[in-house]
Amino acid sequence: MTAPLAHLTASSLSRDGTASAGVGALALMHRWPALLLCAAIAGAVSPFGWAPVSCWPVALLGYGVLFSLLPHSRSPCHAFAVGLAFGLGLHLSGHGWVYTSLHDKTGMSVGWAVLGSAIFIGYLAIFTAVPCAVWRWGVGHRRRYTPSGQAAARIVAFSVCIALGEYARSLPFGGFTSLSLGHAMVDTWLAPVAPVLGVYGLSTLALAASAAAVTAATGRAPMHVRLTCLAATAVLLAGGRLLEPVEWVRPLGAPLSFRLIQGNVSQERKFDPQHVRAEVEAYLQDVMEAPADIVATPETAFPLFLNELPADTLSRLQDHARATGSHVFLGVATLGPDGEGRNSVVQVTPHGELSRYDKVRLMPFGEYSPIGLGWFAGRMQIALKDLQPGAADQPTLQVRGQRLGVLICHEDLFGEDTRRWVRRKGDDGVTVLLNVSNLAWFDGSDAIDQRLQIVRLHALALARPVLRVANTGVTVLVDARGRVGTALPTGVHGILSGQVQGVQGLTPYARYGEWPFLALSVSALGLAALLAMRTARH
């Protein structure tokens, strides 16, 4: 870089209030390709903040780098590109397992798997890119603000915009919430905020802490502004401790005994006609091995429609339930009144009666084809891919005075799906959640641990224990504070036994859902706009 160009870059950065001591390094970043490369690297490193590594400061550092890079963009379009580079790095590194799932588990060719993965990761990255462009358009451009007003406006707007982008990502095409920053905060002092503001409120506070730390560590802002940002970082990260003693729920009734059966059937074998009857018999033997209040199998553990099972299957289970007082929960496909397939959990009660829950939020491509994308789903060689969703207001399943709500597979990704069980008209909702899943699609990838981290956050936000049974793992008990109790290792056949205590009561998040987060976000953006419009006082 020539001396005049370096001088011009350093001068512009100083006027922007974001120059650091390393002028040469920032001058290099001001070059457009280097700016994008830095953003992509920061995004690619950030997933180490989530499970399985769970080094959450890395995630905050990654978003802090993004915050420090955005002021160097020349326009909202440039900021969009910076955000896109960060998002591509983030999701390629953190969700790259989607390629293995498409190619190895669905029989898709290399070319189509690469294309599908690229579209998926690019789509997710847009939800980071757009908020960055909005931030640059709103408060990121250079004006003569007061130093404190400029710093506050940028921090508030950045944290709210990125968190709103995460929330927006949960809405289209059935939604996808994995790698929301709030999930990485489940083991931090900030975690007790989750029962109040949910995962996106948690994301907002974490992002604000990250941006405030960057503002305190870099720039030519007055010392009082930097000290204020440093104090704000500490308060944001540790302030959740004030809510830790709050007991949102109370125990209800006696604990229930449970047996969760992890069959460990590979995805390649699971629907193979040559092995189906052997799988059914193996699960029957595991179910009837011992009694428990709750005996549960994974999603589609019985890889046939209910009416296609061997003739004596249900009668054997009903006899076992009557003799032992057990409530048996079967993962099995069923047919609805219209003859369409459903992904279901069927309950066999000690009275021999059958109840069931039909999955409401179906997996795009895996269980249904989004409009206009059937050409892509048709290349996936999987069973049970043309299903119909169940009704959203299905009744709870009763077990010895406790009310169970069921989440099937990726329904555990969404706070609203969990919340609809907890917040029900006329009562306090379910006392225990049962999450059945088949994650053999993602064996050997970070997806297994990422999903468990998400389940823990929802258990904490709604203050409900979760019994989670998965085909190849993780099969686990998560308590009402999001802590992992007993668990089975992944990739083994086993049965997890223990007791779970049902609870009653509602957290603020259970009562109001995302509305407090959205209301506070709008208010915060309004405050940021007011701060941004204050002129400098000399």
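Biologist: How do the residues of the lining of the second largest pocket divide into nonpolar, polar and charged?

Modeller: Before the answer, please note that this is a predicted model, in which local features need pLDDT of at least 70 and side-chain atom pairs count only at pLDDT 80 or more, while totals for chains, interfaces and linings use all residues. Residues are numbered from 1 along each chain as its sequence is written, and side-chain values use heavy atoms, with hydrogens and water left out. The lining of the second largest pocket divides into 17 nonpolar, 3 polar and 9 charged residues, where Ala, Val, Leu, Ile, Met, Phe, Trp, Tyr, Cys and Pro count as nonpolar, Asp, Glu, Lys and Arg as charged, and the others, Gly among them, as polar.

Biologist: What is a pocket, and what is the volume of the second largest pocket?

Modeller: Rolling a probe the size of a water molecule over the atoms shows where empty space is left. On a 1 Å grid over the protein atoms alone, a pocket is an open set of points where a 1.4 Å probe fits, with protein on both sides within 12 Å along at least five of seven lines, and lining residues have an atom within 4 Å of a point. Grid points are joined across faces, edges and corners, and a volume is the space filled by probe spheres set on the points. The second largest pocket has a volume of about 610 Å³. Of the 29 residues that line the second largest pocket, Leu460, Ala480, Arg481, Gly482 and Arg483 are the closest to its centre. Strand E1 (250-251) and H17 each supply at least two residues of that lining; helices (H or I, at least four residues) and strands (E, at least two) are DSSP runs, numbered from the N terminus.

Biologist: Which residues lie nearest the centre of the largest pocket?

Modeller: They are Phe120, Met363, Pro364, Phe365 and Gly366, among 43 lining residues, and about 1,000 Å³ of space lies in this largest pocket. Helix H6 gives the most to its lining, with 5 residues, and by class the lining of the largest pocket has 26 nonpolar, 12 polar and 5 charged residues.

Biologist: Where is Arg456, and is this residue buried or exposed?

Modeller: Arg456 is in helix H17 (residues 447-462). Buried means under 20% relative accessible area and exposed over 50%, with partly exposed in between (1.4 Å probe, protein chains only), and Arg456, at 13% relative accessibility, counts as buried. Not counting residues up to four places away in sequence, Arg456 touches Val186, Asp187, Val478, Gly482 and Val484, contact meaning heavy atoms within 4.5 Å.

Biologist: How many aromatic pairs does the structure hold?

Modeller: Rings of Phe, Tyr and Trp (its six-membered ring) pair if their centres lie within 6.5 Å, and planes under 30 degrees apart count as stacked, over 60 as edge-to-face and the rest as tilted. The structure holds 12 aromatic pairs. One of them, formed by Tyr283 and Phe302, is tilted, at 5.9 Å centre to centre and 35° between the planes. Tyr283 lies in helix H13 (residues 276-287) and Phe302 in strand E4 (residues 302-305), so this pair ties together parts that are 19 residues apart in sequence. Both Tyr283 and Phe302 are buried.
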